[in-house]
Amino acid sequence: MRDRPLILGGLIVFLALVTFPVWYNAAAGTSSRPPQLKLPAGQKECVAPVAFMKTSHMQLLIDWREGAVRNNVRTFTAYNGKTYNVSLTNTCLDCHGVQARAGQADFCGRCHDYAGVTPKCWNCHNDRPRN
Amino acid sequence: MTRKGFLGVTGISAAVLAARKLRSVFAASGPAASPPVRWAMVIDTQKCLKKAGCIDCIAACHKVHNVPEIKDRAHEIKWVWKEPFKQAFPAQETAYTEEAYKGKPFPVLCNHCDNPPCVRVCPTKATWKREDGLVMMDWHRCIGCRYCMAACPYGSRSFNWVDPRPHLRRIDIEFPTRTKGVVEKCTFCAERLARGQAPACVQACKEQKALVFGNLADPDSDVSRLVRSRFTLRRKPGLGTNPEVYYIIG
Amino acid sequence: MFMFEQAVVGSRRYWAWVLCLLAVIGLGFLLYLQQLSYGLGITGMSRDVTWGLYIAQFTFLVGVAASAVMVVLPYYLHDYKAFGRITILGEFLAISAVTMCMLFVFVDMGQPARALNIMLYPTPNSIMFWDFVSLGGYLLLNAVIALVTLSAEHKSVPPPAWIKPVILLSIPWAISIHTVTAFLYSGLPGRSFWLTAILAPRFLASAFAAGPALLILLCMIMRRMKAFDPGPEAVRKLAVIVTYAMILNVFFLLMELFTAFYSQIPEHTEHFRYMFVGLEGHRALVGWEWASVLLAAASLLLLIVPRLRRNEKVLAAACVVTFLSLWIDKGVCLVVCGFIPSPVGAVTEYAPTLPELGITLAIWAIGCLMVTVFYKIALSVREGLAASAVH
């Protein structure tokens with residue numbers, strides 16, 4: 001039983017490592033509650049239904065990107081028949097990018113922080129507020 | 001409706017709309033059934049040189065495209081700029097051209113070659129030639145290998161050696177900036193052409209009318225008439241790249 | 001892992017050397033993190049000179065990797081027995097060199113996170129795509145060959161029959177990696193310095209001089225450390241290969257000079273003028289290139305005279321000057337001078353910065369570490385066999 005301190009010590013280290021994410025999040029003050037999003041003022045609808053945007057906006061953005069940049073497809077007809085300019089900067093961020101904060105639009109950032117993802121869109125696309 | 005179906009339907013309708021819009025923009029030229037388009041530029045250097053020290057085209061281009069002003073020459077980014085005659089047309093110089101054109105710079109930009117070496121070498125298709133002749137850049141895909149810069153015989157490409165944003169005095173929010181590590185160049189204002197507008201440099205040169213832009217595939221366009229009626233030069237024609245920027249010298 | 005246990009036991013000297021290399025690698029890694037956050041502006045490259053030390057090292061090292069064929073070919077195609085003991089060393093050198101090549105290309109990328117785009121959007125019209133394919137294939141071939149032949153040796157059994165065609169395939173493949181690397185340069189319309197059909201042959205000639213010269217030096221070092229003796233015949237034959245390849249390399253360079261300066265086409269002469277005498281008062285590389293020329297002359301003298309070449313000490317000196325001469329010519333001047341003057345006639349000079357040098361050094365250290373560990377494994381396997389044969 002001379003190994004007892006070693007075994008116990010190892011177990012403690014193991015437990016500390018396994019539960020590290022819990023401690024880390026507790027210390028960083030993150031919570032498991034979903035983020036509260038402030039919807040763009042004066043806008044009632046998006047280019048696609050909310051449920052679709054929640055799960056697949058990234059795919060839609062990639063399709064827009066490939067369409068506008070590579071195939072010169074600059075107009076998007078939405079599910080409700082409305083047409084939109086295919087542009088992250090000038091369509092999406094026109095509504096969602098107005099509440100500026102460091103790095104990325106507030107609307108986008110809250111969810112991205114919650115999901116722990118850091119998309120690089122804002123390295124180039126501007127979300128400065130417009131008057 | 002599945003996501004795939006949803007995107008499919010919207011994609012098709014978008015393509016139709018885009019085509020319709022393009023056609024309406026250039027309805028004046030050619031028959032309705034998608035006429036061939038080959039964008040080109042003619043630069044009347046006599047008109048350009050008349051207004052000494054003018055940099056309207058450069059300023060306009062660099063403003064709408066968020067091209068940074070970087071003091072360090074090594075890290076410079078330029079889409080349109082000016083070169084002395086000897087540098088712009090190295091094969092055309094004589095012992096006297098330097099004197100003749102002393103202090104008279106010539107505007108140079110991406111030639112949107114018909115046979116672009118930059119496109120040939122790009123390992124990811126981040127730069128490619130569109131059917132209407134525009135040599136495009138996809139800043140999302142560029143890996144920053146700079147092979148295109150080695151391939152371009154005109155020095156038309158710039159690389160973002162550093163983050164460009166701190167070097168922008170003001171940002172035009174309608175056009176994205178670039179991120180460090182990608183190559184950029186003139187795109188003949190693809191985003192403005194899509195809206196039916198002339199390139200920003202051409203727009204800026206409205207008074208001098210030294211820059212003429214149009215469809216070379218349309219025999220009645222201004223550019224077509226000019227290249228047929230005037231003697232024009234292209235930069236380094238012997239390389240077989242077929243530049244689509246023409247210069248009227250005399 | 002495969003016989004890796006041999007790499008973690010060793011003398012104090014071995015560990016001192018390994019830790020020294022690890023320190024250089026660690027420092028280089030920190031500098032790379034800095035480059036990653038600041039951008040490639042941290043290097044000496046510019047809008048006019050868009051490739052510098054990184055790509056030049058890559059180009060030089062593709063040659064070192066390809067040169068493994070100079071020991072593999074005589075042994076496997078001509079059954080030249082004297083090379084039997086060093087083919088494995090050639091293959092391990094190739095693996096290390098190709099890895100360094102890939103690292104040099106990687107640190108040169110502006111957007112390294114998108115490196116996989118080369119595979120996601122394969123573009124057969126780009127030579128860089130083919131370079132990627134040929135280098136990757138070569139790495140794989142050599143890794144398989146080295147692994148299979150060494151483990152057969154470890155078990156004292158002949159290598160499986162299927163490895164022979166793989167080895168034979170690696171011979172033309174070695175030629176292809178350096179040919180394709182030359183094509184990266186020689187197919188660009190505006191860069192007359194590289195626009196020459198003899199670039200690929202010249203690359204191969206310089207590779208077959210520099211690579212075997214390095215191998216001779218490595219063999220000599222190992223013999224000094226009493227670790228391994230390839231036998232005098234193998235070294236002598238390698239020296240002959242270095243001699244012929246170096247003669248060819250210098251001959252090809254002279255042909256380039258004749259074509260440029262007899263035709264007197266400015267586009268073809270001005271890069272050489274920049275390299276040998278400077279342009280518009282800019283002469284940063286003049287000293288380097290003349291050093292390369294003088295070293296090449298010394299190398300030819302020491303190698304061509306048989307009496308000198310057969311003297312081991314002289315041969316060691318000859319290998320050092322050959323390697324240095326070719327490293328300067330290919331690993332410094334050839335890439336940079338292609339950009340000077342620029343296509344619009346600007347003479348912008350290039351000098352690497354300290355972080356750039358640190359990162360370069362670190363990748364060389366990674367190569368040294370790989371060679372050290374691989375050679376240690378290979379030699380330990382042999383030692384083990386010799387020891388068991390005695391008992």
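Which residues make up domain 1 and domain 2 of chain C in the domain assignment? In this predicted model, the assignment gives 1-186 + 353-386 for domain 1 of chain C and 190-206 + 232-352 for domain 2 of chain C.

## Domains of chain C

The centres of domain 1 and domain 2 of chain C, taken over C-alpha atoms, are separated by 23 Å. Where the two domains meet, domain 1 of chain C contributes 32 residues and domain 2 of chain C contributes 28 residues.

On the side of domain 1 of chain C that touches domain 2 of chain C, the helices α2, α7 and α14 (354-390) of chain C each supply at least two residues. The most comes from α7(C), with eight residues. By class, this side of domain 1 of chain C holds 16 nonpolar, 13 polar and three charged residues.

## Helix α7 of chain C

Helix α7 of chain C covers residues 163-186, 24 residues in number. From its first C-alpha to its last, α7(C) reaches 34 Å, close to the 34 Å expected at 1.5 Å a residue.

The buried residues of α7(C) are I167(C), S170(C), A174(C), I177(C), H178(C), T179(C), V180(C), T181(C), A182(C), L184(C), Y185(C) and S186(C). Their cover includes α2 (53-66), α3 (69-77), α6 (127-154) and α8 (199-224) of chain C.

## A loop glycine in chain C

G84(C) is found in the loop between α3 and α4 (87-108) of chain C. The C-alpha atom of G84(C) is separated by 12 Å from that of D229(C), a residue 145 residues apart from G84(C) along the chain.

## Fold and confidence of chain B

Chain B comprises ten helices and ten strands. Of its 250 residues, 47% count as buried. Among contacts in chain B between residues at least 6 apart in sequence, 64% join residues at least 24 apart.

The mean pLDDT of chain B is 88, with 87% of the residues of chain B at 70 or more.

## Contacts between chains

Two pairs of chains touch, and the pair with the most contacts is chains B and C. Here 40 residues of chain B are in contact with 30 residues of chain C. On the chain B side, α4 (85-88), α6 (117-121), α7 (147-151) and β6 (158-159) of chain B each supply at least two residues, and α7(B) has the largest share, four residues. By class, the side of chain B that touches chain C has 21 nonpolar, ten polar and nine charged residues.

Chain A and chain C, by contrast, do not touch, and their nearest C-alpha atoms are 11 Å apart.

## Helix α1 of chain A

Helix α1 of chain A spans residues 4-18, a run of 15 residues. Its reach from first C-alpha to last is 21 Å, close to the 21 Å expected at 1.5 Å a residue. Why does α1(A) lie largely in the open? The number of buried residues among the 15 of α1(A) is zero, so the helix lies largely in the open.

How values were computed
Residues numbered from 1 in each chain as written. Chains lettered and ligands numbered in written order. Predicted model: local features only at pLDDT ≥ 70, side-chain atom pairs only at ≥ 80, totals over all residues. pLDDT = per-residue confidence, 0-100. Expected span 1.5 Å × (residues − 1). Buried ≥ 20, exposed ≤ 12 C-beta atoms within 10 Å, placed from the backbone. Contact = placed C-beta atoms within 7 Å. Domains from an automatic or database assignment. Nonpolar A, V, L, I, M, F, W, Y, C, P; charged D, E, K, R; others polar.
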